[in-house]
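Reader: I would like to learn how to read a fold residue by residue. Please take me through this one.

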Amino acid sequence: MQRGSDRLSVHRDDEMKHELQGLLRSGHPTRSEEWHDPEPTADDDPQIAGGPVAPGGSGASLGVIRLELARHLSRSAFPASARHLAGVLRRAYAPDTLVDAVERLPHKERYATVQELAEALTRPRA
């Protein structure tokens, strides 16, 4: 039994569902005015246009790798080994290319911050 503390009534909920049906079924914007649509991704953002960021790939600078790691890792994950961090990344649904790169790091090393992990991933291998 509802107590009536909802912001919207049941009738307004049904109206909103009906308004969104076209958008959800079509898979593309259904607005006639372009300014109603959400802003598309930027053309000059190669990380999004080119797919997932992978260490060693094109455009994979230290800053880009650090940003991608920070999106999936919280502070509570550190300090940790590469094996543990790879598991955390998998549970956070990080791109497989990023998880694989972390798994290839030496297992005995421990990383205290995202910065240290990003530096290890972008360091040239001998």
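Reader: What should I know about the model and its numbering?

Author: This is a predicted model, where local features need pLDDT of at least 70, side-chain atom pairs count only at pLDDT 80 or more, and totals for chains, interfaces and linings use all residues. Residues are numbered from 1 along each chain as its sequence is written, and side-chain values use heavy atoms, with hydrogens and water left out.

Reader: How many helices and strands does the protein chain have?

Author: Helices (H or I, at least four residues) and strands (E, at least two) are DSSP runs, numbered from the N terminus. Here the protein chain has 6 helices and 2 strands. Their order from the N terminus is α-α-α-β-α-α-β-α.

Reader: Is His 72 buried or exposed?

Author: Buried means under 20% relative accessible area, exposed over 50%, partly exposed in between (1.4 Å probe, protein chains only). His 72 counts as buried because its relative accessibility is 15%. His 72 belongs to helix H3, residues 62-72. Across the protein chain of 126 residues, buried residues make up 25%.

Reader: Which residues is His 72 in contact with, leaving aside its neighbours within four places in sequence?

Author: Contact means heavy atoms within 4.5 Å. With those neighbours set aside, His 72 touches Leu 89, Ala 92, Tyr 93, Ala 94 and Pro 95.

Reader: Which residues of H3 are buried?

Author: Val 64, Ile 65, Glu 68, Leu 69 and His 72 are. They cover an arc of only 130° around the axis, so they sit on the same side of H3. The arc is that of the directions from the helix axis to the C-beta atoms. Leu 67 and Arg 71 are exposed on the other side of H3.

Reader: Where do the buried residues of H5 lie around its axis?

Author: In H5, the buried residues are Leu 98, Val 99, Ala 101 and Val 102. They line one face of the helix, because they fall within an arc of 160° seen down the axis of H5. They pack against H3, H4 and H6.

Reader: What do the buried residues of H6 pack against?

Author: First, the list: Val 114, Leu 117, Ala 118, Ala 120 and Leu 121 are the buried residues of H6. They fall within an arc of 160° down the axis of H6, so they line one face of the helix. Their packing partners are H3, H4, H5 and strand S2 (110-111).

Reader: Which residues is Ala 118 in contact with, beyond its neighbours within four places in sequence?

Author: Leu 62, Ile 65, Arg 66 and Leu 69. Ala 118 is buried, at a relative accessible area of 0%. The C-alpha atoms of Ala 118 and Ile 65 are separated by 5.9 Å, though the residues are 53 apart along the chain.

Reader: Which residues have the most contacts inside the largest nonpolar core?

Author: In soluble globular proteins, nonpolar side chains tend to be buried together. A nonpolar core is a set of buried Ala, Val, Leu, Ile, Met, Phe, Trp, Tyr and Cys residues joined through side-chain atoms within 4.5 Å. The largest here has 23 residues, and Leu 69, Leu 73, Leu 85, Leu 117 and Leu 121 have the most contacts inside it. At least two residues of this core come from each of H3, helix H4 (82-91), helix H5 (96-103) and helix H6 (114-122).
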